[in-house]
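Thanks for coming. I have one structure to go through today, first as a whole and then at two residues.

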Amino acid sequence: MNIENLKTFITLSELKNFTQTADRYYIVQSTVTNRIMELEKEIGKKLFIRNRKNVELTDEGHHFLSYAKRIVALEASAIEELSMLHTFSETLRIGTVNTVYDCYLTEPVTEYIRSYPDISVKVIIDHSGPLLRMLQDGTIDMAFSYIPLKKSGFTCTPFDMDELVLVTSPEHTEFKNGIRQNQLPEIEYLYCDFMINDNGMFIRDMFPKNYSFSFEIDKLTHLPYYLLQGIGCTFLPKKLIQKYLDEGSLISIPLLDFQAPAIQSFILIPEAKANNTSIRRFLETLSAKNLLKEESDDEKA
């Protein structure tokens, strides 16, 4: 498949406009049209529904989009690795959910960069689902995910267990004595959805079906800022906001008739790469920071 056709397809799926897509690549609109037609002919499916104002992905287009992104990412990764062959001894590509990165990985990554300047380090922050796909595609070398990868050829090691806490500013006192689950729609909830565990549990599942939130953001670690401004309430990992709870700038709301699920994170590594020097040294750096759990005798057995 022509990589430029795939890139054009991805951009058009985001912009939903042929003219804007052409402007993005400094090409004429007819070139965009031809690239999409070539791609549709190659895969034998219509990818877009066209109308006068914009375009929308077909069901086949939606399905193909994730594969197109993976192909483009894999090509970019290959080119990047080849360009680094004569510059660095190895490359370490770490994928992580943003909460794990902010809570645990900034210091180890900093120390690792200083200790091993001959190793190129790339950190990719994303949600668990895309990280698992990147790991299986080989575009990252290890992942810190909230979802385990139960597949042969990969090691999956528990990394950290945390609890979700419903938090808000101290100026919001209406639920200081606690809240029931059926009262959640009554609060100004700051929403960031992510999969909490491998059973497909999301934050949204704690709210009524089709409930509309007044504010949404896709990065969990950006939410404390709004809370500190006195805006709304939200569920956050306790370790992420423990310092705010300790200083009293945020307070937790007791849950009266329901429990928030615990969130377990995992380290995922392809078995074929487990002995790579770059990965082994990073795990040693984590261990020196007491961030790796020791296996029990039962787990070793």
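What percentage of the 301 residues of the protein chain count as buried? The figure is 42%, where buried means under 20% relative accessible area, exposed over 50%, and partly exposed in between, with a 1.4 Å probe and protein chains only.

A word on the source: this is a predicted model, in which local features need pLDDT of at least 70, side-chain atom pairs count only at pLDDT 80 or more, and totals for chains, interfaces and linings use all residues. Residues are numbered from 1 along each chain as its sequence is written, and side-chain values use heavy atoms, with hydrogens and water left out.

The protein chain has ten helices and eleven strands; these are DSSP runs, H or I of at least four residues for helices and E of at least two for strands, numbered from the N terminus. Its C-alpha trace spans about 65 × 50 × 35 Å along the principal axes. Taking contacts as heavy atoms within 4.5 Å, 71% of those with a separation of 6 or more are between residues 24 or more positions apart.

Now the backbone. Most residues other than glycine have a negative phi. Tyr 26 has a positive one, near 55°. Tyr 26 sits in the loop between α2 (18–25) and α3 (29–43), and is exposed, at a relative accessible area of 77%.

Asn 210 also has a positive phi, of about 65°. Its loop runs between β7 (190–191) and β8 (215–216). Is Asn 210 buried or exposed? Exposed, with a relative accessible area of 67%.
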